[in-house]
Structures are given as structure tokens and as C-alpha cells.
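Please consult the sequence and the structure shown below while reading.

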Amino acid sequence: LARAVMPEWSLGFVAAALLGSVLSTFNSLLNSSSTLFGLEIYKVYINPEASDEHTVRVARIFGVALSLVSFVIAPLLESMDSFFNWLAR
């Protein structure tokens, strides 16, 4: 669609903007998930006496693990017609 309405030289800008928005969304989701895990699950239920530094370290490890899991799951989602149809099964 972008090729039909935009000049050829500007397609790189469109691709960069699209990739930037996808990466920004992933980064925000990862940061929020790590923070919620560290403060709401680890600090409350698993280790209430953990120091702030230890909680941050655990949240970072959780973020790395979450990204690795998402890298493994992403190719599997490509073969699906719709993620929402898969959830509805």
C-alpha cells in the first residue's frame, strides 16, 4: 500500500518508522512486565525481605527470560491465521 501512494525514495522512512514503533512497543511491554513481576510478585510473594538491588536484578533476569521466550514463540505464531481464533479454541 505504501508503494502505491508514496514516492519510491521514502519507503525506507516508512519501514524505519514501522520498525521503530514495533520495537518501542516491545520494549515498553518488556519493561512493564519486568517491573510488575519484580514489585508485585517477587517482592510480595517470593522474597518479601529482598533488597531493592536484588529485586531489580531478579526483574532484569525475568525480562531476559521473557524476551527469550517471546523469540521462541514468535515464529510459531506466524503459521496461525489469527491469534484470537487460537485463543477462542
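A residue is called buried under 20% relative accessible area, exposed over 50%, and partly exposed in between, with a 1.4 Å probe and protein chains only. The model is predicted: local features need pLDDT of at least 70, side-chain atom pairs count only at pLDDT 80 or more, and totals for chains, interfaces and linings use all residues. Residues are numbered from 1 along each chain as its sequence is written, and side-chain values use heavy atoms, with hydrogens and water left out.

Helices are DSSP runs (H or I, at least four residues), numbered from the N terminus. Helix 2 covers residues 11–46 and bends by about 30 degrees at Phe37; the bend is the angle between axes fitted to the seven residues ending at a position and the seven starting there.

Rings of Phe, Tyr and Trp (its six-membered ring) pair if their centres lie within 6.5 Å; planes under 30 degrees apart count as stacked, over 60 as edge-to-face and the rest as tilted. A search of the whole structure finds two aromatic pairs.

| Pair | Centre distance | Plane angle | Class |
|---|---|---|---|
| Phe26 and Phe71 | 6.3 Å | 25 degrees | stacked |
| Phe37 and Phe62 | 4.2 Å | 10 degrees | stacked |

Phe26 belongs to helix 2 and Phe71 to helix 3, so their pair ties together parts 45 residues apart in sequence. Phe26 is partly exposed at 32% relative accessible area, whereas Phe71 is exposed at 54%. Phe37 in helix 2 and Phe62 in helix 3 are 25 residues apart. Phe37 counts as buried at 18%, and Phe62 is partly exposed at 26%.

Definitions and conventions: Helices (H or I, at least four residues) and strands (E, at least two) are DSSP runs, numbered from the N terminus. The expected span of a helix is 1.5 Å times one less than its number of residues.
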